[in-house]
Amino acid sequence: MSDEFDVIVIGAGPAGENVAGRAVRGGLSAAVVEENLAGGECSYWACVPSKALLRPVELAAETRRVPGLALGPIDAEAVLSRRDEAVSHFDDAGQVEWVGGLPAEFVRGRGRLDGPRRVRVTLPDGSERSLTARHAVVLATGSRAVVPPVPGLAEAAPWGSREATAAKAVPGRLAVIGGGVVACEMAQAMHGLGAAETTVLVRGRGLLERMEPFAGKLVAESFAAAGIAVRTGVEVVRVERPAPGGPVTVHLSEGAPVEADELLVATGRRPATGGLGLETVGLPADRPVEVDDSMRASGVEGGWLYAVGDVNGRDLVTHMGKYQARVCGDVIAARAKGEDDGRPALRDVAGGYGAPQVVFTDPQVCAVGRTEARAREEGFGVRAVEYDLGSVTGAYLLGDGYRGRAKAVVDTERRVLLGVTFAGPGAAELLHAATIAVTAEVPLERLWHAVPSFPTVSEIWLRLLETYGL
């Protein structure tokens, strides 16, 4: 085995795999270092298993909205079994084989920087291997869940997102700390699978506060109808769990404490930079790795270090990490060949508009670009229009009681979309059209000629444009 490669990637999640794939496609040799499972967080503990858990809950909600259909109780054991299949029973052999087929060398172990273009890997048997990169080292180590410094919380051994998506059984009572994407998705998934008493504890004023206000409101109304309790404006001040694995009590800044069988902490994530050896190349070890639009790390002499995905702190969603990785791999290959002439095709573009994102609750919430509030903060001249998604004929045909909303944020000077948000059952399938319209900066007058099919929910585009005045 050679210890010298053109490119060394630390982290074999979706971002790391894509960097290696693009670099190899560009004619370079590569090694991919991974301490845990090849495929990363998304494949085993995040995107894939969470959606496997949420899909039956979504289908059950769909059948309740359509007269003439009936669905019995969800078989939680069968759902958990299918979840295990979706994550390959936590066996990454297929992913390791994929890396080898690029071809690239897969190195199992903990990788860390050891000076310029050097990576030291601690192998599973405790021995070490030193690798050298001719052209680039790429950090793709993702992010880790944050556990707030609340007295008794860490000692209570709470669930994080990993434990929730990998749960072997559904608790009867679940308390959730947080009001973001993970908190909302896992609260609804577990409640739908049998957590009869589910309570969501939110420090802020509502759910999904980084999105348009109506999004969190619609999800909160859905939670209330399903029997999920949401308590807003509360701080967790103390947690008690006298017996390991026993009931847990969450004490709050106001109101009665919450008792549960399991406690999920979903209060955010931070870039996984600890133990990466950043200090050996002059970078701080406790912050995201700052990068330019080619994903090259700032402040590193020689420009050989890159960072993609969550570790650079730009957009903590899988698809944007993969996008950054494709840009990065192409840039590295071009620079290695002396072909980098600053062409726009070799630069990050999509990240500047606002990453597309889907919250797979019922109703689904999806958005791309800027919210109205963010657009105004950034100094754009803005006009926003909203429309009742449930009043579109296609939405009515999906089921009785369909509720949803859509919003478009328009740059009044250029007459292009700055952001679009949809909330409603099945709304995620509307998002890519919005992503194209936002990132391509399609003028409204041109967009008006993209005629939506009848009777589909996509007629919402026509209604939004008409509301704007076209």
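Analyst: Start with a term: an axis is a line fitted to C-alpha atoms, for helices over the stretch in contact. Keep in mind that this is a predicted model.

User: At what angle do the axes of H3 and H7 cross?

Analyst: Helix H3 covers residues 47–65, and helix H7 covers residues 181–193. Their axes come within 9 Å. The crossing is left-handed. The angle is roughly 55°.

User: Are H3 and H7 parallel, perpendicular or oblique to each other?

Analyst: Angles of 65 to 115 degrees count as roughly perpendicular, and those under 35 as roughly parallel. The axes of H3 and H7 cross at roughly 55°. The two helices are therefore oblique.

User: How many nonpolar residues does the contact of H3 with H7 have?

Analyst: On the H3 side, the residues include Leu53, Leu54 and Val57. On the H7 side, Met186, Ala189 and Met190 are among them. By class, the contact also has 3 polar and 2 charged residues. The nonpolar count is 7.

User: Which element gives the most to the lining of the largest cavity?

Analyst: The largest cavity holds about 40 Å³ of space. Strand S20 (405–411) and helix H14 (460–468) each supply at least two lining residues. Trp461, Leu464, Leu465 and Tyr468 are among the residues of the lining. With 4 residues, the top contributor is H14.

User: How many charged residues are in the lining of the largest cavity?

Analyst: The lining includes Val385, Ala408 and Leu447. By class, it has 9 nonpolar residues and no polar ones. The number of charged residues is also given by class: none.

How values were computed:
Residues are numbered from 1 along each chain as its sequence is written. This is a predicted model: local features need pLDDT of at least 70, side-chain atom pairs count only at pLDDT 80 or more; totals for chains, interfaces and linings use all residues. Side-chain values use heavy atoms; hydrogens and water are left out. Axes are lines fitted to C-alpha atoms, for helices over the stretch in contact, and angles run from 0 to 180 degrees between N-to-C directions. Angles under 35 degrees count as roughly parallel, over 145 as roughly antiparallel, 65 to 115 as roughly perpendicular and the rest as oblique. A crossing is left-handed if the near helix is turned anticlockwise from the far one by less than a right angle, and right-handed if clockwise. Contact means heavy atoms within 4.5 Å. Ala, Val, Leu, Ile, Met, Phe, Trp, Tyr, Cys and Pro count as nonpolar, Asp, Glu, Lys and Arg as charged, and the others, Gly among them, as polar. On a 1 Å grid over the protein atoms alone, a cavity is a set of points where a 1.4 Å probe fits but cannot get out, and a pocket is an open set with protein on both sides within 12 Å along at least five of seven lines; lining residues have an atom within 4 Å of a point. Grid points are joined across faces, edges and corners, and a volume is the space filled by probe spheres set on the points.
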